[in-house]
Every structure is written in C-alpha cells, then in structure tokens.
Amino acid sequence: MRRALKIILCAVVIIALISTVRYCADPYDTQTVTYYEYQKSVSGEGFILREETVVDNDVPGVFEPYVNEGERVGRDARIGTVISGTPDENLMRELNDVNQRIEDIEESTTIAGIYQTDTVRIANAVNENVKSMRQAVADGDLNTATELKREIGYLKNRTAQLDGSEPAEQLLSQLYSRKTEIETAIGSVQEIVYAPIAGVYSSAVDGLESYGTEEALSALTPEDIDSIDLTLNSGEKDERAVCKISDNFIWYLAAKISEEEAAGVKPGAAVNIRIDNANSPEVAGKVYYLSEPVDGSCAMVVSCDLFVEGISSLRRVDYEVVLQRETGLRIPSSALRIEDGHKGVYILIDKKTKSFRYVNDNPFRSEDDQYYIVDAKYTPVGAPTDYVPLKEYDKVLIEPEKVK
C-alpha cells in the first residue's frame, strides 16, 4: 500500500513539473532579437605608396641638405647643395656642426620661449629631453630622437644667451662667416638643389618611388606587387638619387589579394582602412583600383587623403580594409512578413498574443540567407503615436500564423 502511494506521489510531482515547464516556456517557436555587427574585410601585408619625385645629383660631389627629414618644403625651395671635389672629412664634420648651431640659434627663441628665462628650469628641461631621447633611441624611434636632439640644442643655446655676453646676432654673423670659409675650402664648386614640387622632404630613397604615380597605380599587377617586395628587400639605391619630395596629401595602400577576396572589392567604393604598424584608428578611404585576376590573385589599391600619425615613414605594413560593415538588429529571414505593404516581423507578447513590428525597406540580408540586419528603433512614416518599434530582446515568432 505504501509503495503504491509513493508511486502515485512521484507521478503527481512529475506531472506538476512538466506542467510548470510548459507554462514557463514559450509555447511557440521564437528567436530573440539581438544587436549585431556584420563585417566583411580583407587583411594582410601591403605597401604604402605615394606620388614621389626623386631629386638626382648629376654633379659629382657631396650632397648637404638644408632641411630636416620629414620637413615640408615649397616648390623651388632650396633643399640642399652639392659640393664638388673630394671634401676633407674633418671640414665636413665642422660644417655640419656650424649648420646645426646656426639652426639652433635661429630657432631657440621659438622653442625655449615656452620656458621661463631661468637657466635652472631650462637645464631641467634639457635633462628630461635627454632621458626621452635615450628611450626613443632604445625603442628605435629615430624621428622622435632627432626632434628631441634639436630641442636640446635650442634649449642649450638659450642658456648660452642668458649666461653669455655675446649677442646672438654677432654669434650668427661669425658662424655664417665660418660656414662660407669651410664651404670654400671644401670645394670650388657648389650647386644649389631646389625642390621640383611642393611636398615633404626625405632622404630615404628606396626604389619604390616609380610605383606611386597615377599611371603606375592604375596598371599594377600581382606580379608588380611581388616586385615591390623584392625591391624593398634588396635595399638597392640609385647612387645619383640624393633625396625625394613626397606628396603628403594622398597616400595609397597596394596589396596582393586572392581572387576570392577580390569578389567583394568594388572600384570606387568607400572603405575603412586600418594600418596596424601605425597604431592608428580606422580612416576612411576608397578602392582606387583592382586588377584583373592572374593565377588566382589580384592587385588592389586603396587611396586615402586623411592624415595618419606615424605613416609617413612606413612602406611595408600590416593592414585591414573593411569593405562592408552593417550594424543593427538581427532577425531570422524566415520570420519576415509583409502586412499592408510593409515589411516586418511578429513578436510574441505574454506567451499567447502577437504584435506586428515594422522593419526598414531593403534590410541587409546575409549571404547564407539565414538572417537580416534591420535598423534599430525603426518607425515608418504614419505609424501610430503609441507605436513601439522592434527592440533588442524581443522574441520574434518564426511561424506567427500558429498564434491565433
């Protein structure tokens, strides 16, 4: 008897649990709305190219620049001189020192003016810059190290002006006189070198300058991308090339991609670009060119006219080009319905009733046709004032017809 009662009691408990689960669970097939981001991109290793004009040294001699690496110059500006003959190395070193001192004195007022005219404060600033310069050299950041070296020179010269009795004008006059003497002693002929175009000065001529013209960029092949890689690896340089002037307004990313990746690349389309080596955020650009496929590969060129910190000295880079990005609410494709000419979905309310929620026309549809991405908080024109748009965590009915 007791055993029979136990069996009956267990059966009652099981039936109660089943009833509770059924009551708590949705009686219909639903899918929860979630916020979703779809992204289609290509990534890999590419090359930064620009329109660059190489300045050749047709006169035998030593090129002495007047401007610093990365400095912007105007068209026909004096960027250096070629000193003919075989210069004395000691004189050349002295000439470089004299030029540096002249530059330091002429710029010292601008840089050191941010500090009080107190030699102790300037000395402290010099010490801090020396520490920063050593760290920059250790990190391989030569551009920062060069700028810090210049600033140290400016600050030291400012201290000399405060402590010394010799006016800066007199010292400059003496330095310019010595500069003339050294240049005369170094060689009998000097040829001034002028910038052929306006742009950014650089002494880093690496053999890739010819690839950055519009004609070359618009005709790149996958084989050309391989040639760029080989040229950069070889380190070969035209001995006549003394420097180059680069267009700093627009830059290009050139890369070789697979034919499958190229299927999503549309010339002229807007894209987003991220250069990993520059540690910079994404910037907007566009697809400048896409070659015909050759042996399963294509050459892709993306252009950008926005400034990216740290990119000016880069050639070989790791990149990501975002071809398409869609964000919104994700809904199953099978749930989409049309009511009174409007697209939308039915959501389940209180486990027993349904309500229609509109979605925007032409929503993004996944390549596998499994889901749509629709606009969040979409409300069509003419909707009732109390209309509640589709939102995250709503339960979309897969088969709303079953809800009566």
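Which residues are exposed on the other side of α7? I looked this up in a predicted model. They are Glu223 and Leu230.

**Helix α7**

I took the helix end to end. α7 runs over residues 222-234, 13 residues in all. From first C-alpha to last I get 19 Å, close to the 18 Å expected at 1.5 Å a residue.

Next I checked burial. Pro222, Ile225, Ile228 and Leu232 are the buried residues of α7. They sit on the same side of the helix, because they cover an arc of only 110° around the axis.

Then I asked what covers these buried residues. The cover includes β2 (34-49), β10 (251-258), β13 and β14 (316-332).

I also looked just past the helix. Gly235 follows α7, and its phi is positive, near 70°.

**Strand β13**

I moved on to Ser297. This residue lies in β13, which spans residues 297-304. Ser297 has a relative accessible area of 17%. The cut-off for buried is under 20%, so Ser297 counts as buried.

I listed its contacts, leaving out residues up to four places away in sequence. Ser297 touches Pro222, Lys256, Ile257, Ser258, Glu259 and Glu292. Pro222 is also on my list of buried residues of α7.

**Cysteines**

Are Cys298 and Cys304 buried or exposed? I find Cys298 buried, at 2% relative accessibility. Cys304 is buried as well, with a relative accessible area of 2%.

Last, I searched for disulfides. How many does the structure hold? I count 0 disulfides.

Terms used. Residues are numbered from 1 along each chain as its sequence is written. This is a predicted model: local features need pLDDT of at least 70, side-chain atom pairs count only at pLDDT 80 or more; totals for chains, interfaces and linings use all residues. Side-chain values use heavy atoms; hydrogens and water are left out. A disulfide is a pair of cysteine sulfur atoms within 2.5 Å. Buried means under 20% relative accessible area, exposed over 50%, partly exposed in between (1.4 Å probe, protein chains only). Helices (H or I, at least four residues) and strands (E, at least two) are DSSP runs, numbered from the N terminus. Contact means heavy atoms within 4.5 Å. The expected span of a helix is 1.5 Å times one less than its number of residues. The arc is that of the directions from the helix axis to the C-beta atoms.
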